[in-house]
Amino acid sequence: MGTPESALPSLQAILAAGHDVPLVCTQPDRPAGRRKAPQPPPVKVLALARGLNVMQPEKVRTPQFLDAIIEAAPDVVAVVAYGRMLTRQVLDAARHGAVNLHFSLLPAFRGAAPVQWALARGETTTGVTTFRIDDGLDTGDLLGQQPVAISKREHAPALLGRLSTEGARLLVATLEGLAAGSITPKPQDHRRATAAPLLTREDGRWDPAWTARELEGRVRGFDPWPGVWARNVGKRLRIIEAASLEDATTAEGPGTVVSGDALGVRIACARGTVALVDSVQLEGGRPMHAREAVNGRLLSPGDRIERPEPAA
């Protein structure tokens, strides 16, 4: 069971390891692009190319869905970014239950956006986890984990790509361990749990309470959506690339453009910290290096970027 591109390495690895996949469950085709034409999810495209049986239920809490799982007679249900909560009957339909690949080191960052929030909160290490799905949200017993270092200035798409590849290896190893009886499930320490909720547009609105490090984390984590948006001289401005200048301080108020040169624009943040912004985009315009914005007087020393109004 899986839907987006991040689930592809796992399906490829399962097939490469010689496992029989009697059924692939993915979400329905959704409208996309300017023409809003229905587009198949990446997992469907790969599964059909490999000649696999594909099911795309709109709802999973139906007798028809449960019957399809039972008919497939799986030893285990492997789940990677499927996007649906499974019923107890589905979880019990396989001898080894349902195994989920999650893109964090549980119990840290439980929820729909673990990669994005790990970056937004300034983590330097994350990882991948396989666990047995229970009735909670990412609360089941741990089966396997692999730490992954976060590269400096790495954005969410690149990190998710690396975690998808690393996670695919861990998932196959977990399946082999379950088959061999060599894995002992380990309960999570729920006291250490942190949340990674689904992102909203509000998460990307510039906040003068952010330090430079917090701004950098959100810029990296909220790429490509919702992005980090501010307002300058009445226009919405997206901050595409930013880095905390750890050795710089300022007495200017948060949001003040301190200076600009060939390296970018230095912006004051909370607690006297300073961020170097080197890529921006005006709403409706193209991305540009911050020095272009300075040369075009779209950003000037002394300007103060502000928290934008909520998007309609």
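**Close-up views of a predicted model**

View 1. Just after H2, Gly 51 has a positive phi of about 75 degrees. Helices (H or I, at least four residues) and strands (E, at least two) are DSSP runs, numbered from the N terminus. This is a predicted model: local features need pLDDT of at least 70, side-chain atom pairs count only at pLDDT 80 or more, and totals for chains, interfaces and linings use all residues. Residues are numbered from 1 along each chain as its sequence is written, and side-chain values use heavy atoms, with hydrogens and water left out. H2 spans residues 42–49, and Val 43, Lys 44, Leu 46 and Ala 47 are buried there. Buried means under 20% relative accessible area, exposed over 50%, and partly exposed in between (1.4 Å probe, protein chains only). These four cover an arc of only 165 degrees around the axis, so they lie on the same side of H2. The arc is that of the directions from the helix axis to the C-beta atoms. The buried residues of H2 pack against helix H1 (8–16), strand E1 (24–25) and strand E4 (54–55). Contact means heavy atoms within 4.5 Å.

**View 2. Four strands form an open sheet.** The strand order is E5-E6-E7-E8, and the pairing is mixed. Two strands pair if DSSP finds at least two bridges between them. Strand E5 (77–79) and strand E8 (142–149) stand at the edges. Each has a single partner strand, so one side of each is left without a neighbour in the sheet. Neighbouring strands of this sheet are turned by 15 degrees against each other on average, direction ignored. H6 packs on the sheet and touches E5, E6, strand E7 (125–132) and E8. The direction of H6 makes about 35 degrees with that of E7. Axes are lines fitted to C-alpha atoms, for helices over the stretch in contact; angles run from 0 to 180 degrees between N-to-C directions.

**View 3. Val 99 sits in strand E6.** E5 and E6 (residues 98–102) run parallel, joined by three bridges. Val 99 is the bridge partner of Ala 78. Val 99 counts as buried because its relative accessibility is 0%. Residues that touch Val 99 include Val 77, Thr 130, Phe 131, Leu 143 and Leu 171.

**View 4. Helix H7 is mostly covered.** Eight of the ten residues of H7 (212–221) are buried, among them Leu 215, Glu 216 and Arg 218. The cover includes helix H5 (114–120), helix H6 (156–180), strand E9 (228–232), strand E10 (235–249) and strand E13 (273–282). Leu 215 touches, among others, Trp 206, Trp 210, Val 228 and Ile 239.

**View 5. E9, E10 and E13 pair antiparallel.** Five bridges join E9 to E10, and Val 228 stands opposite Ile 239. These two strands form a hairpin with two residues between them. In the turn, Val 233 has a positive phi of about 50 degrees. Nine bridges join E10 to E13, where Glu 241 stands opposite Ser 279.

**View 6. The largest nonpolar core has 32 residues.** A nonpolar core is a set of buried Ala, Val, Leu, Ile, Met, Phe, Trp, Tyr and Cys residues joined through side-chain atoms within 4.5 Å. Those with the most contacts inside this core are Trp 117, Trp 206, Leu 215, Ile 239, Leu 299 and Ile 305. H5, H7, E9, E10, strand E12 (264–268), E13 and helix H8 (290–295) each give two or more residues. E13 gives the most, with four. A second, separate core of 30 residues includes Ala 7, Ile 14, Val 21 and Leu 52.

Technical notes:
Lists of a residue's contacts leave out its neighbours within four places in sequence.
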